[in-house]
Amino acid sequence: MSFEILDTRELNSENTWMKIKAPLIAERCKAGQFIIIRSNEKGERIPLTIANWDKKEGSVEVVFQKVGASTQELGTYKKGDFLLDVVGPLGIPTHTKGAGNTIVIGGGLGIAIATPVARAYKEAGNKVHVIIGARTKELLFNVEILESFADGLTICTDDGSFGIKGFVTQPLQEMIDKGEKIDTVFCVGPPIMMKFISKITEKHGIHTVASLNTIMLDGTGMCGACRVTIGNEIKFVCVDGPDFDAHLVDWDEMMARTQAYREEEKIALEHYHKCRAEKALEEQNSKEKK
Amino acid sequence: MGSDAKKSSGRKPLVRTRLPMATQRPEDRINNFDEVPYGYNEAEAVLESQRCLQCRNAPCVKGCPVEVPIPQFIKLVQQGKFVEAAEIIKTKNSLPAITGRVCPQELQCEARCVMGKRYQPVSIGNLERFVADYAREHGEKLPELPEPTGKKVAVVGAGPAGLSCAGDLALLGHDVTVFEALHAPGGVLIYGIPEFRLPKDIVKYETSYLKKIGVKIIPNFIIGKNKTVKELLNEFDAVFIGTGAGSPRLLNIPGVNLVNVYSANEYLTRVNLLKGYLFPEYKTPVKKGKTVITIGAGNVAMDSARTAKRLGAENSIIVYRRSKKECPARVEEVHHAEEEGIDFRFLTNPIRIIGDEKGRVKALECLRYKLGEPDETGRAKPIPIEGSEHIIECDVVIIAIGNNPNPIIPQTTPDLETSKWGTIITNSKTGETSLQRVYAGGDIATGAATVIAAMGAGKIAAKSIHKQLMGHEIDEEEHNLEVGKCDS
């Protein structure tokens, strides 16, 4: 059983979009859930939150950042190629019912996940304002899609090349200061961003949900690699999440755990580039022989 | 001639000690992941088989959770009929190459061997392993399959329970589909038990054998997510649940979420299922660590500590609050671990994991214990010694203190009755659950136990399912599943 890649596109210099044939997943998935991909026999199991899906076509879409060896390799897969393993939908869907006035915040790659979640909040009858942020204009995406259904959209860039110059916390703080009625905040993106959002909303007692992206292996509660401290309890992101009450998350612990393999990632990347270079050389040699 | 002739044609003189299997030398094997014992050769197998007294009442069989016809298969070994010996085992046990390696024989069949009363018991496990390997290497015939019954059975989980249930049902002519959440079948055989104890090629062979007899295995398919048990009941005549005890128990001590604190499940899955020992060629990393401490003393703890040694740990330490006598691991595993230089700290229990400024493990604080009166499990109760706090520096900690049942099926099957521990409640003599046409067995029903007990439960359920499918009444099966209870 393998899974055909129906299409891929470079959204920008950092983020790659991929559409995969996976009817079983498309049939069941809901906003906030994720899948795990293993591209080939030697590959890692990579958890990726579902960015979109099409039941009719039997497809799911993901967006990933080519940062490590595994994601760089995934980035070399093109339309018509096959992925060895895709499993999902995993995790509990985002709870959108009765959320009220909702602010959905997506930072960086998190924009990809914020999009279907914002739509789900909207479809559940809530008023939805979306805030997205990226380092620079070039790294923004999904703007038109979000404009098409959100009740409001605020865009921030760190360098000010588009929208507000600053972090996503800035417009959030302004909305709170203006006294706007906010019932729920949903955030997804770099953990440090979510931590700061949670600090702001906690002061004002605003219910805040964070979608966590931790290290995972099986995704079914078997390994415990994804465990986090929520309040006084240990929870598994794969089966108890990925959404948690942001005010209860032990952010420092979670950030430390996601960095656990920093050194190994470097080794893997070096090895990957070495292999790629050797392979390219071999191909060139065999061409010359012909 | 008379009596002399009788003597020479009779049994050989009694050999009191069993023939050990040749093994890789400890100093070699701590540098590789190859299997530790080489297994018997043909001559050794025949020699050991001749120690069997062929007892009529076969007490050994009563010690086997799946009632392998032990004297019969050993007799065939005595006659050099190895393939036939394997065939007769397979009438009761569909995975002999696996059980020959991972069963706690010293608590089961071998514990009841008459030879063992005065001398050493016959090495039943080693013989089982030998004939299964021989048959695999020399090509075994596929059993003749009956006419298809047209009945469909879904099996949830491709671990020992599910695979044995699936195999038995296929041999009875039913159409069996196994759904597996991971990308490869085998369950704990593939993600948990290391290569050096159970080579993965053997697991692959055994699962491909099941495919040859018609079992369909679908990986990457999570019952409870992609389909519910209720939905399966619309498509299938019966459902067997064998989803195992796959939820790691963690210690309730400070520091359990520090970086480089692993559950044994995570550590072993990285190394076994995802081949982390071949990193970076295989992309899944695993922390190697200079000093690795494993907490617990079951087979999973031995597997973890020995894996750490092979990954290059200078010190691989096992911390256990009771003494060596109480270790729940197979005797052979403890012995192998000792040979490999695993540092056992018995009567020691952790109270705190200490981290550095980056949130990574740097030490384990422990208390020393002494043994008191027997507790409710019959084992001496460990009592902490006041003021015995001490710190062991380390950079990786592995928690191997057991597993809870996997929660996905109970959570997504509303009418399925479960216990307060999260296990599915079954009639252990039939495998029936509170839901009609739904059966369960193995660790999901009993809590963490052995591979062979799970296989036995799969077989019992297969019998009940067969009866249900053929319109017979389901009656209770007496069984030996409780024999030699310990962790896998």
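1. Across the interface of chain B and chain A, 23 residue pairs are in polar contact, both residues at pLDDT 80 or more. A polar contact here is a pair of N or O atoms within 3.5 Å; within protein, one must be able to donate a hydrogen and the other to accept it, and residues adjacent in sequence count only if both atoms are side-chain atoms. On the side of chain B that touches chain A, the elements giving two or more residues are β5 (247-248), β6 (261-263) and α14 (264-271) of chain B. Helix α14(B) supplies the largest share, four residues. Helices (H or I, at least four residues) and strands (E, at least two) are DSSP runs, numbered from the N terminus.

2. This is a predicted model: local features need pLDDT of at least 70, side-chain atom pairs count only at pLDDT 80 or more, and totals for chains, interfaces and linings use all residues. Residues are numbered from 1 along each chain as its sequence is written, chains are lettered from A and ligands numbered from 1 in the order in which they are written, and side-chain values use heavy atoms, with hydrogens and water left out.

3. The contact (heavy atoms within 4.5 Å) takes 48 residues from chain A and 43 residues from chain B. About 3,900 Å² is buried between the two chains, and carbon and sulfur atoms give 57% of that area. Buried area is the accessible area (1.4 Å probe) that two parts lose on being put together, summed over both. In chain B, the residues that lose the most area to chain A are B:K225, B:N257 and B:K283, together 19% of what that side buries.

4. Four salt bridges are found across the interface of chain B and chain A, and the count over all chains comes to 45. The rule asks for a side-chain nitrogen of Lys or Arg within 4 Å of a carboxyl oxygen of Asp or Glu. B:K283 pairs with A:E73 at 3.3 Å, N to O. A:R28 and B:E231 form a salt bridge at 2.7 Å, N to O. A:R28 lies in helix α1 (residues 23-28) of chain A and B:E231 in helix α13 (residues 229-235) of chain B, so the pair joins two chains.

5. In chain A, helix α5 (residues 169-177) and helix α6 (residues 191-203) pack at an angle of about 10°, with axes 10 Å apart. Axes are lines fitted to C-alpha atoms, for helices over the stretch in contact, and angles run from 0 to 180 degrees between N-to-C directions. That makes α5(A) roughly parallel to α6(A), a label for angles under 35 degrees. The contact is made by A:T169, A:L172, A:Q173 and A:I176 of α5(A) and A:F196, A:I197, A:I200 and A:T201 of α6(A).

6. Most residues other than glycine have a negative phi, and most peptide bonds are trans. A cis peptide bond joins A:G88 and A:P89, with omega about 0°; A:P89 lies in strand β7 (residues 85-90) of chain A. The bond from A:G241 to A:P242 is also cis, with omega near 10°, and A:P242 is in the loop between α7 (237-240) and β16 (243-245) of chain A. B:Q54 has a positive phi, near 55°.

Key:
Parallel < 35°, antiparallel > 145°, perpendicular 65-115°, else oblique.
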